Amino acid sequence: MPAIAKNVIVVGAGNAALCAAISAAEHGARVTVLERAPHLARGGNSAFTGGCFRTVYDGEADIARLVPDLTEEERTGSDFGSYDAETFFLDLCRLSGYRADPALIELLVAESLPTMLWMQQHGVRFLPAYGRQSFKVDGRNVFWGGLTIETAGGGMGLVDALFRRAEALGVTVRYDAKVERLLGDRHLVRGVVVNGEELGADAVILAAGGYHANTEARVKYLGAGWDLAKVRGSRYNTGNVIEAALDIGARAHGNWSGCHSVFFDAGAADFGDLAVLNQQKNYFTLGVVVNTAGERFFDEGSDFRNYTYSKMGAAILKQPGGTGWQIFDSRSIAILPDEYRTPRAARFEAPTLEALADKLEGIDRNAFLRTVAGFNAAIDDSVPFNPAVKDGRRTHGLAIDKSNWARAIAEPPFVAYQVTCGITLTYGGLAIDEQARVQSEEGGPINGLYAAGELVGGLYYDRYPGGAGLTSGSVFGRIAGQQAAA
């Protein structure tokens, strides 16, 4: 007799959820995706991203596998570098303070390139991330920070491609479908309750994101002041699906008091808007950042922005008023990416630093001018500036020195971007094993329950290497779908 197709429910509709749905469908399951958002707001946090994926790759040869239409001009005009498995693994370890689950991150690293090639076969188009991850050096595009590939059309392009493939495979998508609880217990899950309706299934895959859009939960878990953060991504990621799993005895895992948060345009709305993307401001490495007291408060050049940007929202939230300014001169402005050219940005420009200070409402004007003058005077000009490597061009003798990319704020016009905290995702979530099975508090898997994406705990703690989130969602989504259909 032919095998009976499994009935699989996927909760969520971002990158991880759609990879899970595609994987389950290609392994013969009947799949239903439950998306809490309406159709026009679909795609979860993934739709708000730039679409960068972090993966192991061995130079140009692997880039060409991911980008089969790579032109000869792109080959000869680019230095793609390489990013090996050991470096990826150590980056995940280091940025988590060596707390990341070693079994999960080892699997993430090993499956990163195979999963991206699998996604390509299912219609996702990858491109070299020229606009955000390379600088022109001696006429060539030099990639930096281990992050080289993005999806065509960014996050929206990614989720649209995955939706097309899922629907072509017969996956049913239900919108405005809020999952309220799980049917089952700590031994077995047999379905969900969605909009008050019981919906049975042979397996359920949870991939509905963390609790970053839940103001009450942010204060409860992240601490005082986090109710003031702007939500960079989806307003539908409130943690209700995590709570539903915990209610039946799933084990909480990871850093519940930690999150990914970035410098965000101070003029942005309280919740992410798919019509106005790119409101993060992540290239602070090319300038200086000051608070309302007119003082720098961290080393802007401690590492590539890929390794530091995810904690900057928390840093600015701790400053007076939870706000500050990124300061650039004309030389840095020329190499800033598109996220600094969004309409209605909190952007201020002036021909002199004095005139710029006059435009920055609430700043200590005199302290600001002293800070910039002191910074300019402390730079070691004997070291050449090179944004594609950690160039060692630094300051000496300041209370907080800048370790790399220190270049005087000296060439007009001068520009300031006012920034605040934008929260992207939370790090606490559910415990899973290498088969993406949700674990119970007593140990061992809850039969029929799987998880992937941002609601998985144990991957990220203090910081987060840029691009790892989409990759981990795809890797564990693919595994969850295959296991659920088996």
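Predicted model: local features only at pLDDT ≥ 70, side-chain atom pairs only at ≥ 80, totals over all residues.

Is D138 buried or exposed? D138 is exposed, because its relative accessible area is 81%, where exposed means over 50% relative accessible area, buried under 20% and partly exposed in between, with a 1.4 Å probe and protein chains only. D138 lies in the loop between β6 (134-137) and β7 (140-143), and it has a positive phi of about 55° although it is not a glycine.

Residues are numbered from 1 along each chain as its sequence is written, and side-chain values use heavy atoms, with hydrogens and water left out.

Taken as a whole, the protein chain has 15 helices and 23 strands, and its C-alpha atoms fill a box of roughly 80 × 50 × 40 Å along the principal axes. The radius of gyration of the protein chain is 23 Å, which agrees with the value near 23 Å for a compact globule of 486 residues; the radius is taken over C-alpha atoms, and the globule rule is 2.2 Å times the number of residues to the power 0.38. Buried residues make up 60% of the 486 residues. Among contacts (heavy atoms within 4.5 Å) between residues at least 6 apart in sequence, 74% join residues at least 24 apart.

The interior can be followed through its nonpolar cores, a nonpolar core being a set of buried Ala, Val, Leu, Ile, Met, Phe, Trp, Tyr and Cys residues joined through side-chain atoms within 4.5 Å. The largest of these has 139 residues, and V192 and L206 have the most contacts inside it. When neighbours within four places in sequence are left aside, the contacts of L206 include V11, L182, V241 and A245, and also L430, L449, Y450, A451, A452 and L455. Apart from this core lies another, of 20 residues, with V288, V290, L356 and I409 among them.

Beyond its neighbours within four places in sequence, V372 is in contact with L353 and I409. V372 and V289 are 83 residues apart in sequence, and their C-alpha atoms are 10.0 Å apart in space.

The loop between α14 and β20 (414-426) contains P413, and the peptide bond from P412 to P413 is cis, with omega near 0°. V383 is found in the loop between α14 and β20 as well, and V383 is buried, with a relative accessible area of 19%. Residues up to four places away in sequence not being counted, V383 touches D391, G392 and R393.

Two packed helices are described by the angle between their axes and the distance between the axes. Helix α1 (residues 15-26) and helix α15 (residues 468-485) pack at an angle of about 30°, with their axes 7 Å apart; axes are lines fitted to C-alpha atoms, for helices over the stretch in contact, and angles run from 0 to 180 degrees between N-to-C directions. On the α1 side the contact is made by N15, A16, C19, A20, S23 and A24, and on the α15 side by residues including L470, G473, G477 and G481.

Helix α2 (residues 59-66) has G59, D62, I63, A64 and L66 as buried residues, and the elements that cover them include α3 (72-76), α5 (102-121), β5 (126-128) and β8 (149-151). In the loop between α4 (85-95) and α5 is Y98, which has a positive phi of about 65° although it is not a glycine. Y98 is exposed, with a relative accessible area of 61%.

H39, finally, has its place in the loop between β2 (30-34) and β3 (52-53) and is partly exposed, with a relative accessible area of 44%. The C-alpha atoms of H39 and R174 are separated by 8.9 Å, although the two residues are 135 residues apart along the chain.

How values were computed:
Helix = DSSP H or I, 4+ residues; strand = E, 2+ residues; numbered from the N terminus.
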